Amino acid sequence: MYRSILLACALGSLSAPAMAQARNYEFDKAHTSIRASWDHQGYSIMALEFTNYEGELAIDLENPANNAVEVTFTLDGGIWPGANTGGFSDHLMSADLFNVQAYPTARFVATDFHSEDGQTGTMQGELTLLGETRPVSLFVELRQEGEVRGRHRIGVTANTTITRSEWGMDYAVPGISDWIGISIEAEIVASE
């Protein structure tokens, strides 16, 4: 779902000051939000946030072919549903949905980056969830890029929609929407 999911690294194809080679980055988790949302029986749009993830981010803003992006999400204890009313968090972890006993992690690997204007673009990748790997495409927008406290920082917004049943997560469809919206607000900083 990540989405990451995630994401921020699509900037590898967006214009920015020249760099000689790929540079390693890490997520600024205090300023990054990775959310999934869905329709709950037409009554509301529900959301959860993925909180336990690690990324290997090598970004070359001048030559996107050098980029490498991989993000792994630990699902057991790494999903914040907002509130655990009526055991909702336990149900998310169950075999009905994320089935964390059999599949404790999910993974996103970027495969391609494209931009026409240097400010917006797409990031293609593969999402592995519930043991299934499927392609996903995220729309990415550069929010800002620069130096903060002596470290290079990139901020992006990324969005996509997936069909959860393609990964075998078909519990309660169509009452609970088959579509899952993925929304990422990410800040990444150059590793020291």
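In this predicted model, E26 is partly exposed, with a relative accessible area of 36%. The side chain of E26 takes part in a salt bridge with R151, in which the closest N and O atoms are 3.2 Å apart. Because E26 belongs to strand β1 and R151 to strand β10 (residues 151–163), this contact ties together parts of the chain that are 125 residues apart in sequence. The points below take up the salt bridges, the aromatic pairs, the strand pairing and the nonpolar core.

**Salt bridges**

- The structure has eight salt bridges, and R151, the partner of E26, counts as partly exposed at 22% relative accessibility.
- K29 and E54 also meet through their side chains in a salt bridge, with a distance of 2.9 Å from N to O; since K29 lies in the loop between β1 and β2 and E54 in strand β4, the pair ties together parts that are 25 residues apart in sequence.
- Within that pair, K29 counts as partly exposed at 35% relative accessibility, whereas E54 counts as exposed at 51%, the cut-off for exposed being over 50%.
- A further salt bridge brings together the side chains of E70 and R107 (3.1 Å, N to O), and it links distant parts of the chain, with E70 in strand β5 and R107 in strand β7 (residues 105–114), 37 residues apart.
- E70 counts as partly exposed at 25% relative accessibility, and R107 is likewise partly exposed, with a relative accessible area of 36%.

**Aromatic pairs and a charge over a ring**

- Of aromatic pairs the structure holds five, one of which is formed by F27 and Y53 in an edge-to-face arrangement, at 5.2 Å centre to centre and with 90° between the planes.
- Because F27 lies in strand β1 (residues 23–27) and Y53 in strand β4 (residues 53–59), their pair ties together parts that are 26 residues apart in sequence, and both F27 and Y53 are buried.
- W38 and F88 form a tilted pair, 6.4 Å centre to centre with 40° between the planes, which links W38 in strand β2 (residues 33–40) with F88 in helix α1 (residues 88–93), 50 residues apart.
- In this tilted pair, W38 counts as buried at 9% relative accessibility, while F88, at 22%, counts as partly exposed.
- Ring pairs also link F27, F50, Y53, F73 and F98 into a cluster.
- The ring of Y53 has the charged end of K29 sitting over it, 4.7 Å from the ring centre, and K29 is the residue whose side chain meets E54 in a salt bridge.

**Strand pairing**

- Strands β1 and β4 run antiparallel and are joined by three bridges; R23 has I59 in β4 as its bridge partner.
- Strand β4 also pairs with strand β5 (residues 68–74) in the antiparallel sense, over six bridges, and here E54 stands opposite T72 in β5.

**Nonpolar core**

- The largest nonpolar core has 45 residues, and those with the most contacts inside it are F50, L75 and F98.
- Strand β11 (residues 179–190) supplies the largest share of this core, six residues.
- In soluble globular proteins, nonpolar side chains tend to be buried together.
- Two of the core residues with the most contacts, F50 and F98, are also members of the cluster linked by ring pairs.

Methods
Residues numbered from 1 in each chain as written. Predicted model: local features only at pLDDT ≥ 70, side-chain atom pairs only at ≥ 80, totals over all residues. Heavy atoms only, no water. Phe/Tyr/Trp six-rings, centres within 6.5 Å; stacked < 30°, edge-to-face > 60°. Helix = DSSP H or I, 4+ residues; strand = E, 2+ residues; numbered from the N terminus. Buried < 20%, exposed > 50% of the residue type's maximum accessible area, 1.4 Å probe, protein only. Lys NZ or Arg CZ within 6 Å of the ring centre and 35° of its normal. Core = buried A, V, L, I, M, F, W, Y, C linked by side-chain atoms within 4.5 Å. Pairing = 2+ DSSP bridges. Salt bridge = Lys/Arg side-chain N within 4 Å of Asp/Glu carboxyl O.
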